[in-house]
Amino acid sequence: MSKISTIYIPHNKNTMNSATVKMPEPERIFIPMAMSANVSSEIAVKEGEYVLKGQKIGKATHPLASPIYSSVSGTVVSGSDFLMPYDIKTKIVEINRTER
């Protein structure tokens with residue numbers, strides 16, 4: 001029977017004594033319409049439309065697609081093509097934030 005030994009690694013977190021810094025919120029948000037499986041949702045909002053946080057902005061048109069919801073309130077600037085990593089082509093919805 002072998003003995004299992006424990007390895008102890010010293011706690012070396014360089015940010016342990018640093019203050020928390022609030023990052024500025026972006027003015028413009030880009031939301032991709034593809035979440036996984038290289039299947040895109042269809043854009044369900046129009047350019048110039050005002051959307052609310054939590055509002056559906058992408059409609060699932062395939063069994064593997066997911067509905068997409070806005071994470072911010074604001075005005076839709078555009079819905080355009082976008083090339084994601086691994087050559088996945090999808091649409092993105094660009095929103096100018098208005099909530100504070």
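The legends below describe several views of one predicted model, beginning with the whole chain and moving on to individual strands and residues.

Residues are numbered from 1 along each chain as its sequence is written, and because the model is predicted, local features need pLDDT of at least 70 and side-chain atom pairs count only at pLDDT 80 or more, whereas totals for chains, interfaces and linings use all residues. Side-chain values use heavy atoms, with hydrogens and water left out.

View 1. Helices (H or I, at least four residues) and strands (E, at least two) are DSSP runs, numbered from the N terminus, and along the sequence the chain reads β-β-β-β-β-β-β. Along the principal axes, the C-alpha atoms fill a box of roughly 65 × 40 × 25 Å. Of the 100 residues, 24% count as buried, a term that means under 20% relative accessible area, with exposed meaning over 50% and partly exposed lying in between (1.4 Å probe, protein chains only). Contact means heavy atoms within 4.5 Å, and among the contacts in the chain with a separation of 6 or more, 51% come from residues 24 or more positions apart.

**View 2. The open sheet of three strands, in the order β2-β4-β5.** Two strands pair if DSSP finds at least two bridges between them, and the pairing in this sheet is antiparallel. Because β2 and β5 stand at the edges, each with a single partner strand, one side of each is left without a neighbour in the sheet. Two bridges join β2 to β4 (residues 56-59); Glu-42 stands opposite Lys-59 in β4, and the bridge partner of Ile-43 in β4 is Gly-58. Two bridges also join β4 to β5 (residues 68-69), where Gly-58 stands opposite Ile-68.

**View 3. The pairing of β7 with β1 and with β6.** Five bridges join β1 to β7, and these strands run antiparallel, with Ile-31 standing opposite Val-93 in β7. Ten bridges pair β6 with β7, again in the antiparallel sense, and the bridge partner of Gly-74 in β7 is Arg-97. The hairpin of β6 and β7 has three residues between the strands, and in this hairpin Tyr-86 takes a positive phi near 65 degrees.

**View 4. The largest nonpolar core, eleven residues in all.** A nonpolar core is a set of buried Ala, Val, Leu, Ile, Met, Phe, Trp, Tyr and Cys residues joined through side-chain atoms within 4.5 Å, and the members here are Ile-29, Ile-31, Met-33, Val-45, Val-51, Ile-57, Ile-68, Val-72, Val-76, Val-93 and Ile-95. The elements that give two or more residues to this core are β1 and β7 (88-97). Leaving aside neighbours within four places in sequence, Val-93 is in contact with residues including Ile-29, Ile-31, Met-33, Val-45, Ile-57 and Val-76, and also with Phe-30, Ile-43, Ser-78 and Gly-79.

**View 5. Ser-40 in the loop between β1 (28-32) and β2 (42-43).** Ser-40 is partly exposed, with a relative accessible area of 25%. Its side chain and that of Thr-90 are joined by a polar contact of 2.8 Å, a polar contact being a pair of N or O atoms within 3.5 Å; within protein, one must be able to donate a hydrogen and the other to accept it, and residues adjacent in sequence count only if both atoms are side-chain atoms. Not counting residues up to four places away in sequence, Ser-40 touches Met-33, Ala-34, Thr-61, Ala-65, Lys-89 and Thr-90. Ser-40 and Lys-89 are 49 residues apart in sequence and 8.5 Å apart in space, C-alpha to C-alpha.

**View 6. Ser-70 in the loop between β5 and β6 (74-84).** Ser-70 is buried, with a relative accessible area of 4%. A polar atom of the Ser-70 side chain lies 2.5 Å from the backbone oxygen of Val-72. Leaving aside neighbours within four places in sequence, Ser-70 is in contact with Val-51, Leu-52, Lys-53, Gly-54 and Gln-55, and also with Ile-31, Ile-57 and Ile-95.
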